[in-house]
Amino acid sequence: MEETKVNPLSLQIDPALFEPATDEEKRQADVMSESTTFFKDGMRKLMKNPLAVGSIIVLLLVVLTITIAPLVVPYTYSDIIRVNGKRDRGNKNLSAFEYSEKEQEFIDQGGKVFPHIMGTDSLGRDYFIRVVYGARISLTVGLFASILVLIIGVIYGSIAGYAGGRADLIMMRIVDIIYSLPDMLIIILLATVLQPILENTSNPLINALGTNMICIFIVFGLLYWVGMARLVRGQILTIKNNDYVLAARSIGAKPAHIIRKHIIPNCISVIIITTALQIPSAIFTESFLSFIGMGVNAPMPSLGSLANSAREGLQTYPMQLVYPAVLIVLIVLAFNLLGDGLRDAFDPKLRSK
Amino acid sequence: MSTNTEKQTPLLQVIDLHTSFKTDKGEVKAVNGVSYTLEAGKSLGIVGESGSGKSVSAYSIMQILDGNGHITQGKVLFKGEDITNYTAKQMEDFRGKHCSMIFQDPMTSLNPVYTVGNQITEAIRTHNKNVSQKEADEKAREMLELVGINEAGRRLKQYPHELSGGMRQRVMIAMALVSEPSILIADEPTTALDVTIQAQILELMMDLQKKLGMAIIIVTHDLGVIAQMSDEIVVMYGGRICERGTAEDIFYNPCHEYTKGLLRSIPSASNMKKKLVPIAGSPINLLNMPEGCAFCARCDAAMKVCLKQVPPELRIDDTHLASCWINVRDKKYREEALA
Amino acid sequence: MKVPQSAVAGRPACSNPRHILMKGVFQIMTRYVVKRILLAIVSVLVICAITFFAMNAIPGGPFNSEKALSEATKAVLMERYNLDKPVPVQFVLYMRNLLHGDFGVSLKTGRDISGTLFSCFKVSARLGATAAVCAVACGIVLGSLAALFRNRLIDRVIVFFTTLFTAMPSFVFATFLMLVFCITLKWLPVWDASNKSLILPVIALMAYPMAYVTRLTKTSMLDSLGQDYIRTARAKGVPMVKVIFKHALRNALIPVITYVGPMLAYILTGSLVVENIFTIGGLGQQFVKSISNRDYPMIMATTIFLAVVMVICNLLSDIAYKIVDPRITLD
C-alpha cells in the first residue's frame with residue numbers, strides 16, 4: 001500500500017497537545033448546521049427563488065396601481081368623456097396619449113386634460129381606468145372565490161378526515177360525484193337560467209354585481225371546493241396515522257393539543273399552496289365567462305369582457321385587446337409562479353431532495 | 001512488507017479518492033481521501049455507519065453517482081488502468097462486464113414493469129451483441145439455477161413484485177454475475193432481508209465466489225456480516241478510513257477509538273454481562289468537517305492534537321493499520337522506513 | 001436449497017404472464033371499473049336532472065321566446081313536449097326520448113336537434129382529436145427533453161414557454177393567432193374546412209394541454225430517473241439512451257395517461273371559445289349561439305351531450321390507467 005505514511009516524530013508535535021481535550025473544545029469541533037423552524041426555512045427558500053420574488057413584486061405593483069389609479073385619474077369607468085362639459089363626438093378609439101380634436105383645442109386654450117394613458121374605447125370612455133377597474137373586478141372575484149373554496153373545502157375536508165369511518169366514506173362519495181360533473185357547463189347553464197329569474201329583484205347587491213357574477217360565486221361554492229377538501233382530508237389522514245401523533249397520544253396529549261400542534265401546521269402549507277393556485281384558476285374562469293358574454297354586466301368592465309369587446313375592432317385597434325390580455329396573462333402568470341415557488345419551498349413531500 | 005520485485009498488479013486500487021456532492025446548502029464531502037486495494041478473488045469488507053461514505057466510495061468506482069456528485073480528486077485503477085478518465089462509452093463497457101453491483105433493496109432496484117427474464121437477458125445482451133434471444137434466455141435460466149432458484153424457467157416470466165424478498169435478491173445476484181465480472185460490489189445486500197434469509201444470501205455469495213472466482217467488495221454497517229465474509233476489513237467514518245485489517249485484527253485488537261466504540265455498542269460473547277455503551281453524539285455533518293480527526297467531537301479519549309490535525313495512517317501489524325493519535329501517544333505503531 | 005412459494009397478496013404464484021394479465025384485468029373489471037361506471041351513470045343522471053329542472057325553473061317555461069307564439073304553435077309544442085303533464089313526469093319522458101336519440105326540436109330553426117348535434121360534433125371532433133393527439137405527442141417529447149437536459153438551455157426555454165402557455169387563456173391566444181397569421185400576415189386562411197385552416201385553431205386549442213403534459217412528463221421522468229432501478233440498469237452497463245427510453249420513459253408515462261381524461265374535457269370547453277373566434281361551425285359555437293338565442297331545447301341538448309362525452313372520456317382514462325400499470329392493485 002503506497003500512501004500517506006508519515007513518521008510522526010518528524011512532525012515535531014508538541015507533547016502538550018497530547019493532553020486530553022476538554023468538552024468545550026470538542027463542542028467547537030462539532031459544528032452542526034443551525035436549526036430553523038419549518039416556516040423560516042421555507043421563507044428563506046422562497047426568497048431565494050427569483051421567479052417567486054419577481055411574481056410578488058409584480059403583484060404588489062399591480063395592486064398598488066389599481067388602488068391608487070382611481071384616485072389620480074379623474075375619469076370613471078362608465079363616464080363618457082366630455083370636454084369642458086360638452087359632448088365630444090370625436091373622442092372614440094383614441095390611441096395612447098392621444099387627444100381628440102376638441103380636447104386639443106381645449107388644451108390650446110389653456111385648459112387641462114388628463115392624458116388617456118391607454119386611449120379611449122369605442123364609446124369614448126377612458127380605457128386605462130376601465131382596465132384598472134377590470135383588474136379590480138377580476139382580482140376581487142378571484143380572491144373571494146378562492147376564499148369561499150378555502151373555507152368550504154377545509155371545513156368539509158377536516159371533518160371527513162378527522163371523523164373517519166362511515167362519515168368519511170359518505171362524504172367522499174359525494175365529493176367523487178361532484179368532482180365528475182363538468183363545471184364549465186354547469187356555470188353556463190346556471191347563468192343562463194338564473195338571469196331571467198334574478199333580473200327583476202330589487203336587491204342592490206345582486207344588481208350591482210350582476211346575475212352572472214352571482215352565478216360564478218354560487219357555482220364555485222358548489223363545485224370547486226372538492227379539490228381542496230380532498231387534499232385537506234388526505235393530509236389529515238396521513239398525519240393522524242403518523243407515528244408522532246401516536247406518540248403524542250400515548251403520552252396523554254389531548255385531542256385539541258394534537259390538532260393545534262401537529263395537524264394544523266402540516267395542513268397549512270398545503271392549504272396556502274392550493275389557494276395560491278386557485279386564484280388564477282378563478283380569474284381564468286371569470287375571464288373565460290366574460291369573454292363568451294356571461295360575465296359582469298356592462299358598463300362594469302372585467303378583463304375578459306374588455307377583451308371580448310375589443311374583438312370587434314381588432315383589425316383597426318388591436319391595442320384595445322392587448323392591454324387587458326397582457327394584464328390577465330401577467331396576473332395569472334405571477335400567481336402561478338408564486339404558487340409553484342410556495343410549493344417548492346413549503347411542500348413537505350418535495351423537501352427530501 | 002513483501003519484497004517481491006515482480007508484484008502482481010492488484011485487481012482494483014482506489015487511491016486517495018475524494019468525492020463530493022454539490023447541494024444548495026453547500027458542498028457535501030462524502031469521501032475524503034480513501035485508499036484501498038482489492039486483490040483478485042479476495043473479499044474486502046467496508047463497514048461504517050450511515051453517512052460514513054462507504055457506499056459513495058463504491059458508487060465512485062462504478063461512477064454511478066447521483067447527478068450532482070463527482071470525484072474531485074484521486075484515482076481508481078482497474079488492472080493498472082485509470083478508469084476515472086474513462087469516457088462514458090468505456091464506462092458503460094466496464095460496468096456489468098468487469099465490475100457488477102448489487103443493491104440494498106431488491107424490490108425498488110428491479111424495474112416493476114419488466115419481467116425478471118427480460119432484465120437478466122438485458123444484462124447479457126448489453127455486453128454481448130451476438131447472443132440470440134434464445135441463447136440469452138437459456139443462459140439466464142442457468143444463472144437462476146446457479147443462485148438457487150428452482151423452477152427457473154417459470155420464474156423468468158414473472159414480474160418482480162411476484163417474488164419474495166430473498167428470491168429478488170438472488171435474481172439481482174444472478175443479473176450481476178451473468179457476464180462473469182471479476183469484481184462484485186455488494187451494497188448492503190442483506191439489510192432489507194429477514195435474518196434467516198440473510199444467512200442464505202451470504203452463504204450463496206461465498207459459494208459463488210468459490211465457484212466463479214470473482215473478488216467481492218461488501219459494504220455494510222453490520223459487523224456480523226463483515227466478519228463472516230471478508231478477508232480484509234476497512235472501517236470508515238466521516239469519509240475517511242479509520243482502521244483496516246483482518247477480522248482478527250479489528251475484532252480482537254481494535255486500534256481506533258471509533259472501532260472500539262462500535263465494538264462496545266454491539267452485543268457479543270465478550271460483553272454479555274456488561275451494559276452496551278452507545279457512541280455519544282450524533283453523526284458528523286459532512287458540510288462542515290472539523291480540522292482534525294473526523295471522530296474527535298464524539299471521542300471519549302480525544303486529545304487536543306486530535307482536534308487540530310488529521311491523524312496519519314500508521315502500521316500496527318503486517319496486516320493492520322490505523323489512523324488514531326492514541327497510537328502515537330502510546331507508541332503502538334511500528335516505526336519503519338517510509339516507502 | 002428450498003425456495004419459498006410466492007406469498008404476494010395471498011395469490012398462488014402464476015405461470016403464464018398472459019394469464020396473469022387476463023386474470024388481473026378480469027379482477028379489475030369486476031371491482032374498480034364497475035364502481036367507476038356506476039359513478040359515471042350517476043353523474044350523467046345528475047347532469048340531466050340539473051339541466052332539465054333548471055330549464056323548467058325559468059319563468060315562462062322553457063319555451064319563452066321573444067316572438068309571440070300563436071295558439072296553434074303553442075298547442076303543438078304542448079303536445080310535443082308533454083307540457084301539460086307534471087314536471088317530474090316530463091323529466092322521465094324527456095329522458096326516455098333522449099335514450100331513443102330524440103333531442104327535441106330547436107326553437108330557433110325548428111329543425112330536429114339531433115341532426116344538428118351530430119353534424120356539429122363531427123366538426124368539433126375533428127378539431128378536438130387533432131389537438132389532443134398533437135398535445136400529447138409534443139408534450140411527451142418536450143417534457144422528456146426538459147427532463148434529460150435539466151437546467152440547460154433547452155430545459156429553460158421549454159419551461160419558459162410552458163409557464164407562459166399555462167397562464168394564457170385560450171381566447172387570448174386564439175385571438176392573437178388570428179390577428180397575426182390570418183389578418184396581418186395572411187399566411188393562413190380563415191376557416192374553410194380545409195386542412196390548412198385547421199392549423200391555427202388546433203394550435204390555439206392545444207397550447208394549454210401541451211404545456212400541462214410537458215410539465216407532467218418532465219416531473220414524471222425526473223421522478224422515474226431518480227428511482228433505484230435506473231441505478232441498477234446503469235450498473236449493468238446499459239447505455240444511457242436505452243436506460244432512458246426503455247426503463248425510465250415507460251414508467252414515466254403512467255401518470256400522463258391519467259391526464260388524458262381531464263385534457264379532453266378541457267379541449268371541449270376550450271372549443272367553445274376557439275370555434276367562436278375562428279367561426280368554425282362546431283358544437284362549441286353552436287352552444288354559445290344557442291345561449292345568446294335563448295334556444296332552450298338546444299341548450300339542454302348540447303349541455304347533456306357535452307357532459308356525457310366528458311364523463312365517458314374520464315371513465316376511459318380511469319380504466320386505461322389501471323390496465324397500463326402492471327402492479328395491479330385492487331382498489
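Reader: In strand S8 of chain B, which residue is the bridge partner of Leu184(B)?

Author: In this predicted model, the bridge partner of Leu184(B) is Ile216(B) in S8(B). From S7(B), the chain crosses through helix H8 (residues 195–212) of chain B to reach S8(B).

Reader: What makes this β-α-β crossover right-handed?

Author: The term applies if, with the strands pointing away from the viewer, the path from the first strand over the helix to the second runs clockwise. The crossover from S7(B) through H8(B) to S8(B) is right-handed, and its path therefore runs clockwise in that view.

Reader: What makes S7(B) and S8(B) a pair?

Author: Pairing requires at least two bridges. Asp187(B), for example, stands opposite Val219(B) in S8(B).

Reader: Why are S6(B) and S11(B) called edge strands?

Author: The open sheet has 8 strands with mixed pairing, in the order S6-S7-S8-S3-S9-S10-S12-S11 of chain B. Strand S6 (99–102) and strand S11 (314–315) each pair on one side only, and they are therefore its edge strands.

Reader: How do you know that S8(B) is largely enclosed?

Author: A residue is buried if 20 or more other C-beta atoms lie within 10 Å of its own. In S8(B), 6 of the 6 residues are buried, so the rest of the structure largely encloses this strand. Ala215(B), Ile217(B) and Val219(B) cover one side, and Ile216(B), Ile218(B) and Thr220(B) the other; all are buried.

Reader: What makes S7(B) mostly covered?

Author: In S7(B), 5 of its 5 residues are buried. Ile183(B), Ile185(B) and Asp187(B) point one way, Leu184(B) and Ala186(B) the other way. Helix H1 (residues 54–62) of chain B lies across S3, S6, S7, S8 and S9 of chain B, at about 145 degrees to S7(B).

Reader: How many residues of chain C are in contact with chain A, and how do they divide into nonpolar, polar and charged?

Author: Contact joins 37 residues of chain C to 34 residues of chain A. Among the elements giving two or more residues to this side of chain C are H1(C), H6(C) and H11(C). H1(C) provides the largest share, 10 residues. The residues on this side comprise 27 nonpolar, 10 polar and no charged.

Notes: Residues are numbered from 1 along each chain as its sequence is written. Chains are lettered from A and ligands numbered from 1 in the order in which they are written. This is a predicted model: local features need pLDDT of at least 70, side-chain atom pairs count only at pLDDT 80 or more; totals for chains, interfaces and linings use all residues. Two residues are in contact if their C-beta atoms, placed from the backbone, lie within 7 Å. Helices (H or I, at least four residues) and strands (E, at least two) are DSSP runs, numbered from the N terminus. Ala, Val, Leu, Ile, Met, Phe, Trp, Tyr, Cys and Pro count as nonpolar, Asp, Glu, Lys and Arg as charged, and the others, Gly among them, as polar. Axes are lines fitted to C-alpha atoms, for helices over the stretch in contact, and angles run from 0 to 180 degrees between N-to-C directions. A residue is buried if 20 or more other C-beta atoms lie within 10 Å of its own, exposed if 12 or fewer, and partly exposed in between; C-beta atoms are placed from the backbone.
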